[in-house]
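I am keeping these notes while I look through one protein structure. Each entry records what I looked up and what I found.

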Amino acid sequence: MDPDGEVVEPDEGGTDLVVVTGVSGGGRSTVARALENVGYYVVDNLPQALMLDMAQLAFQAGGAARRTAMVLDVRSRAFSTDLAGAVHALRDRGFSPRVVFVDADDEVLIRRFESVRRSHPLQGDGRLADGIAAERKLLEEAREQADVIIDTSHLNVNQLRRRVEELFGGEDARRLRITVLSFGFKYGLPPDADYVVDARFLPNPFWVPELRDHTGLEEAVSNYVLGQEGANNFVASYANLIAATAPGFEREGKRYLTVAVGCTGGKHRSVAIAEELTAQLRDIRLSAHASHRDLGRE
């Protein structure tokens, strides 16, 4: 409200709001620090009931507060499952919040809790796995409503920080941002993938002795992969597909797209194809960056 008690309707483009939630142990604190690094005013452990009030205060304050991130936590007494309703209330008042959900595999979460000898906030008298399961149930709707899901299972702190900075720093925040993510099928599908691209039809450099110990980031491997019959047409076809769908995603309000490129181990073919696809997307002026989930795991 303004000083006279009148409701202030925010300019939809004037306040950049990010709502961060996700599983305990997933990396919310690292995400919060990374958002601070790129200029966001971060409010940690905010009760969900105060989201609209906080957004209104950020709008009124102006300046640096116009970029505000609100971190929600199941440890807050006011946390509820109706995150969708709270986000809808923000949009009804003219805001355009972006919801980030931080996730990780159960076994990874268990290792993280055990390494710091800390119990899960919802564990009670049960096992660690019981607390994780209870939290996942509580956060089901929040995950479904997220604009972007960051799976931290195979990210260290620095990699997670860079991912957040790539997503929220620098470029126009309202453009569709494309992550081309290489991965190995033997380590499982990336849970946040919008498209899954299978590069296993190409000959595997693993079986070429002089290439086995190198990666798709290196010229010799990249030339071998992209020099195979059908490789360039394969990349160009996916670049054209993404270019054709990107305007529609933007019109529908989607701001993040993950294109997962897989091969057997995530070391050779998928890495080379992901780098080339990223380059072609940038050539047609799409905002794209490459990330390599499983590089170095072997």
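**Entry 1: terms and ground rules.** I start with contact, which means heavy atoms within 4.5 Å. I also need the element names: helices (H or I, at least four residues) and strands (E, at least two) are DSSP runs, numbered from the N terminus. The model is predicted, and local features need pLDDT of at least 70, side-chain atom pairs count only at pLDDT 80 or more, while totals for chains, interfaces and linings use all residues. Residues are numbered from 1 along each chain as its sequence is written, and side-chain values use heavy atoms, with hydrogens and water left out.

**Entry 2: the whole protein.** I counted 10 helices and 9 strands. For burial I use these cut-offs: buried is under 20% relative accessible area, exposed is over 50%, and partly exposed is in between (1.4 Å probe, protein chains only). Of the 298 residues, 49% count as buried. I then took the contacts with a separation of 6 or more, and 79% of them are between residues 24 or more positions apart.

**Entry 3: helix H2.** Which residues of H2 are buried? I list Met51, Met54, Ala55, Gln56, Ala58 and Phe59. I recall that an α-helix has 3.6 residues a turn, so residues three or four places apart point the same way. The buried residues of H2 pack against strand E1 (16-22), E2, strand E3 (67-71) and helix H3 (83-92). Just after H2 comes Gly62, with a positive phi of about 65 degrees.

Entry 4: Most residues other than glycine have a negative phi. I noted two residues that go the other way. Asn45 is not a glycine, yet its phi is positive, about 55 degrees. Asn45 sits in the loop between strand E2 (41-43) and helix H2 (51-61), and with 37% relative accessibility it counts as partly exposed. Arg285, also not a glycine, has a positive phi of about 65 degrees. The loop that holds Arg285 runs between H10 and E9. Is Arg285 buried or exposed? Arg285 counts as exposed because its relative accessibility is 71%.

**Entry 5: H8 against H10.** Two packed helices are described by the angle between their axes and the distance between the axes. Axes are lines fitted to C-alpha atoms, for helices over the stretch in contact, and angles run from 0 to 180 degrees between N-to-C directions. The axes of helix H8 (residues 219-226) and helix H10 (residues 269-283) come within 9 Å and cross at roughly 85 degrees. H8 is therefore roughly perpendicular to H10 (angles under 35 degrees count as roughly parallel, over 145 as roughly antiparallel, 65 to 115 as roughly perpendicular and the rest as oblique). On the H8 side I found Ser222, Val225 and Leu226, and on the H10 side Arg269, Ala272, Ile273 and Glu276.

**Entry 6: Ala199.** Ala199 lies in the loop between strand E7 (195-198) and H8. Its relative accessibility is 0%, so Ala199 counts as buried. Which residues does Ala199 touch, leaving aside its neighbours within four places in sequence? I find Val261, Gly262, Arg269 and Ile273 in contact with Ala199. I also looked up the pair Ala199 and Phe234: they are 35 residues apart in sequence and 8.9 Å apart in space, C-alpha to C-alpha.

**Entry 7: Thr258.** Thr258 belongs to strand E8 (residues 256-263). Thr258 counts as buried because its relative accessibility is 6%. Neighbours within four places in sequence aside, its contacts are Arg163, Thr179, Leu181, Asp192, Ala193, Asp194 and Tyr195.

**Entry 8: pockets.** On a 1 Å grid over the protein atoms alone, a pocket is an open set of points where a 1.4 Å probe fits, with protein on both sides within 12 Å along at least five of seven lines; lining residues have an atom within 4 Å of a point. Grid points are joined across faces, edges and corners, and a volume is the space filled by probe spheres set on the points. The largest pocket has a volume of about 470 Å³. Its lining has 25 residues, and Gly25, Gly26, Gly27, Arg28 and Arg118 lie nearest the centre. H1 gives the largest share of this lining, 4 residues. The second largest pocket has a volume of about 410 Å³. It is lined by 19 residues, with Leu155, Gln159, Ser291, His292 and Arg293 the closest to its centre.
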